[in-house]
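Look over the sequence and the 3D view before reading on.

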Amino acid sequence: MMIRAVARSLIRGGSFHRHTSMAVFPARSVDGFFRSRRTMMMMMMMMSTDSSPSSYSSSPEKTTSLKEKEDEKKETKAQSNAMVSSYWGVTKKKITREDGTEWPWNCFMPWETYAADLSIDLSKHHLPKTFSDKFAYRTVKILRIPTDLFFKRRYGCRAMMLETVAAVPGMVGGVLLHLRSLRKFEQSGGWIKALLEEAENERMHLMTMVELVQPKWYERLLVLAVQGVFFNAYFVLYLLSPKLAHRIVGYLEEEAIHSYTEYLKDLNDGKIENVPAPAIAIDYWRLPKDATLKDVVTVIRADEAHHRDVNHFASDIHFQGKELRESPAPVGYH
Ligand SMILES: [Fe+2]
Ligand SMILES: [Fe+2]
């Protein structure tokens with residue numbers, strides 16, 4: 001039986017341990033099998049998982065010390081892994097949900113979660129009156145044409161791709177205001193935080209959509225190209241005219257509300273399957289455990305409406321010839 005087990009192990013190339021469990025040997029025959037010391041040593045050699053020539057030693061002391069060394073190595077490795085997950089030996093506090101279960105996310109914490117304001121007016125539209133407003137509005141409408149052609153009614157895919165762009169303006173604006181605050185020795189009125197919160201919130205939209213739609217290789221390539229162009233273009237635009245930059249984002253958010261409304265229509269009509277909400281979305285938006293994709297799209301749309309208001313507001317402040325810091329930023333909503 002033993003020989004058969006060894007042969008099987010060699011043929012399969014797997015670990016001998018898997019095939020030589022004690023279950024292979026009936027309990028009564030074990031004693032008889034280990035009668036001679038030599039047979040026992042041979043067994044130990046054969047049962048060792050280390051196939052290096054050094055492990056085939058005839059000395060029991062040497063076999064023991066090799067095993068000890070291996071154990072030591074394993075222990076050191078385990079210790080070094082433990083160090084990686086702690087900060088200079090200070091172990092992370094155990095974080096739990098309200099119901100006492102362990103918090104599974106590192107990318108956001110329970111105190112960063114929130115319930116979206118679903119009472120927000122989704123139909124608000126900033127009427128473009130000035131030349132720069134009309135320019136911003138037209139720019140966004142023109143940008144929508146290739147998006148419609150490329151994605152058509154594939155709203156999951158469309159949302160995922162657009163969120164990769166939507167998370168850029170807040171970060172660019174936040175960084176530039178941060179540097180301005182340092183250069184000019186002045187407060188930002190909360191606008192750095194508000195814009196960085198927007199960027200983070202948009203990135204969470206993306207993290208959620210990625211759970212539902214897996215991007216294809218050419219879509220990833222498109223993201224690279226679009227990000228390369230859009231980040232630089234928006235950076236330069238924000239330096240030249242933050243008023244125009246915020247207005248463009250305001251209109252982009254109006255388009256996002258429209259896209260998510262269409263997404264909801266298709267979900268209601270059964271054209272898109274209303275799958276369960278991803279776990280990350282349930283925790284981030286404090287949704288009920290049985291929440292579905294419809295609930296997720298509804299809260300994301302409310303976020304977009306908030307971003308619309310924040311960015312039109314920021315543009316209006318600049319339009320009045322004032323600086324953002326002069327009007328307190330809407331901080332703390334997302
Ligand atoms: Fe978004
Ligand atoms: Fe947005």
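What spacing do the donors of the iron ion (ligand 1) follow along the chain? They follow E-x38-E-x2-H-x98-E. The model is predicted. In it, the iron ion (ligand 1) and the iron ion (ligand 2) are 3.6 Å apart. Glu202 coordinates both.

**The iron ion (ligand 1)**

- The donors to the iron ion (ligand 1) are Glu163 (OE), Glu163 (OE), Glu202 (OE), His205 (ND1) and Glu304 (OE).
- They sit at 1.9 to 2.3 Å from the iron ion (ligand 1).
- His205 belongs to helix α8 (residues 191-212), while Glu304 belongs to helix α12 (residues 293-319).
- These two residues are 99 residues apart, and the pair links distant parts of the chain.
- Both His205 and Glu304 are buried.

**The iron ion (ligand 2)**

- Glu202 (OE), Glu253 (OE), Glu253 (OE) and Glu304 (OE) coordinate the iron ion (ligand 2), at 1.8 to 2.6 Å.
- The donor residues of the iron ion (ligand 2) show the sequence spacing E-x50-E-x50-E.
- The 4 donor atoms around the iron ion (ligand 2) subtend angles of 55 to 145 degrees, so the arrangement is irregular.
- A tetrahedral label would need all angles to lie between 85 and 135 degrees.

- Glu253 has 4% relative accessibility, so Glu253 counts as buried.
- Glu304 has a relative accessible area of 1% and is buried.
- The cut-off for buried is under 20% relative accessible area.

**A nonpolar patch on the surface**

- Phe150, Trp217, Tyr218, Leu221, Leu222, Leu224 and Val226 make up a nonpolar patch on the surface.
- Together these residues have about 720 Å² of accessible area.
- Helix α9 (residues 217-240) gives the largest share of the patch, 6 residues.
- Phe150 has its place in helix α6 (residues 131-151).
- With a relative accessible area of 37%, Phe150 is partly exposed.

Note on methods
Residues are numbered from 1 along each chain as its sequence is written. Chains are lettered from A and ligands numbered from 1 in the order in which they are written. This is a predicted model: local features need pLDDT of at least 70, side-chain atom pairs count only at pLDDT 80 or more; totals for chains, interfaces and linings use all residues. Side-chain values use heavy atoms; hydrogens and water are left out. Donors are N, O and S atoms within 2.8 Å of the metal (3.2 Å for Na, K and Ca); water is not among the atoms, so sites may look incomplete. Helices (H or I, at least four residues) and strands (E, at least two) are DSSP runs, numbered from the N terminus. Buried means under 20% relative accessible area, exposed over 50%, partly exposed in between (1.4 Å probe, protein chains only). Four donors count as tetrahedral if all angles lie between 85 and 135 degrees; four count as square planar and six as octahedral if opposite donors are over 155 degrees apart and all others between 65 and 115; anything else is irregular. Patches are made of residues with over 30% relative accessible area and no salt bridge: like charges are joined within 9 Å, nonpolar side chains (Val, Leu, Ile, Met, Phe, Trp, Tyr) within 5 Å. Accessible areas come from the Shrake-Rupley method with a 1.4 Å probe; for residues, only the protein chains shown count as cover. A salt bridge is a side-chain nitrogen of Lys or Arg within 4 Å of a carboxyl oxygen of Asp or Glu.
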